[in-house]
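Me: Could you take a close look at the aromatic ring pairs in this one and walk me through them?

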Amino acid sequence: MPKYVGAIDSGTTSTRFILFNRAGAIVAYDQREHEQIFPRSGWVEHNPLEIWERTEQVIRATLQKADIRAEEIAAIGITNQRETTLLWDRQTGEPVHNAIVWQDTRTDRICRELEEARFGDVFYQSAGLPLATYFSGPKIRWMLDTVAGLRQRAEAGDVLFGTVDTWLIWKLTGGQHITDPTNASRTMLMNLETLDWDPQLLRILDIPRGILPQIRPSSDPDCYGFTRADGPFGAEIPVCGDLGDQQAATVGQTCFSVGEAKNTYGTGCFMLLNTGEQIVHSRNGLLTTVCYQMGDAPAVYALEGSIAMAGATIQWLRDSLQLIDSAAESEELARSVENAGGCYFVPAFSGLFAPYWRSDARGVIVGLTRYINRAHIARAALESICYQTREILDAMNADSGVPLTRLKVDGGATINNFLMQLQADILGAEVIRPQVAETTSLGAAYAAGLAVGFWETLESLRDNWRMDRIWQPNISAEARESGYAGWKKAVTRTFDWVEE
């Protein structure tokens, strides 16, 4: 009898494979980074073949570490960096271009042209998304318009599109071309009500429907396919769970009730609020997205606040400025000073996402004096993550009408206890970390396990959730609002930086 469910978590900077038992505990895992490619300012790419190579490596390494046979795995779930766009040859499987990453801003002109043609409301009402460089649709359009001969090949049916989940399902199963509603809802091409590709949106972006994958439930009892016997598992295992990374974290945090919310601190920062089966269009700069669809049940929707730079800000301090030697050092440095000394760091490297949606913005560090040292800048970098989250929380409170007083958190940066206390202070709300911080992978495992009966119901998964630690606000309301006012002022300094 199978004892485990496996989850492939293909993120922005690395891929991991994790095996979970019935209690939702980690049995074994392996993780490997892949290259971040920056061809020019504002452009970010990944090598799809490297992502697949890393996937094969982490699967084999995990099975070897745990001495587990593939036959002991009930099912495989996939979770992935969303919006990152891949096109590949249907016959050879060769990518036609590097993957264009969600952070990439090269489609700014396409988005502005669509805005000038007054298509903004069309996309917002049908897809729940603003016209922004963040999403997949304009990236597809850019490739079709730019890569020589690609549009003709696409219209002839020789090219396939996918986000990273689709690419991995295709590779794992030997050619199944499938995605789920959570990933499809990030393309600007799916209608939120029909959960199918929208003919009007495809026409506006001039994208042939034939390149798009089939949209199947996030947890699919019929399965998307089986892993190839000659693949990294060495056996046929059902692949039947698929969730974009932030929706997967919402499932992993068991936020199944209307009004429950979580925030994931990864490369970016993403807060989701479950709105149930109701499609809620934000009035305050949030996205409307599919949260999950389990089997034949109706889709569940969410409001999302997306922040481009969170953990990536600390990575930038380490790799580009060489201000620190490791991410952990940022906590030690930030603790060494009482405050940021009046310094604010707004990391708008890829423009500003929610709630501003300003692709013309670029990063700034303001309030510098001779007093400021690297410790103050490290603290300002951590505070930037918390202030951006505060802006999202304010927008969610305004949209929902119900103030959130408790926030479940997950992701790699939550190991930074100082950051979590800063977050509670700046929000004025409780911050709660679960025992299993890898909730993104856990959510993908849950989706796959539910499909094959490894777990019975969504509600039964709540029994697996355990709190690790809780942080309470520890500063005065006056200090909180004074710091936030300075942040809002700093944000305005990023506007209108990029021109045509």
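**Aromatic pairs up close**

Reply: Phe-345 counts as buried, at 2% relative accessibility (buried is under 20% relative accessible area, exposed over 50%, partly exposed in between, with a 1.4 Å probe and protein chains only). Before going on: this is a predicted model, where local features need pLDDT of at least 70, side-chain atom pairs count only at pLDDT 80 or more, and totals for chains, interfaces and linings use all residues. Residues are numbered from 1 along each chain as its sequence is written, and side-chain values use heavy atoms, leaving out hydrogens and water.

Now the rings. Rings of Phe, Tyr and Trp (its six-membered ring) pair if their centres lie within 6.5 Å; planes under 30 degrees apart are stacked, over 60 edge-to-face, the rest tilted. That rule gives 23 aromatic pairs. Take Trp-102 and Phe-353: they sit edge-to-face, 6.3 Å centre to centre with 65° between the planes. Trp-102 is in the loop between β7 (99-100) and α2 (108-116) and Phe-353 in the loop between β19 (344-346) and β20 (364-366), so the pair ties together parts 251 residues apart in sequence. (Helices, H or I of at least four residues, and strands, E of at least two, are DSSP runs numbered from the N terminus.) Both Trp-102 and Phe-353 are buried.

Back to Phe-345: its ring centre is 5.7 Å from that of Trp-316 and the planes are at 55°, so this pair is tilted. It links distant parts of the chain, with Trp-316 in helix α10 (residues 311-319) and Phe-345 in strand β19, 29 residues apart. Trp-316 is partly exposed, at 24% relative accessible area.

Finally, ring pairs link Trp-102, Tyr-134, Phe-135, Phe-270, Phe-353 and Trp-357 into a cluster.
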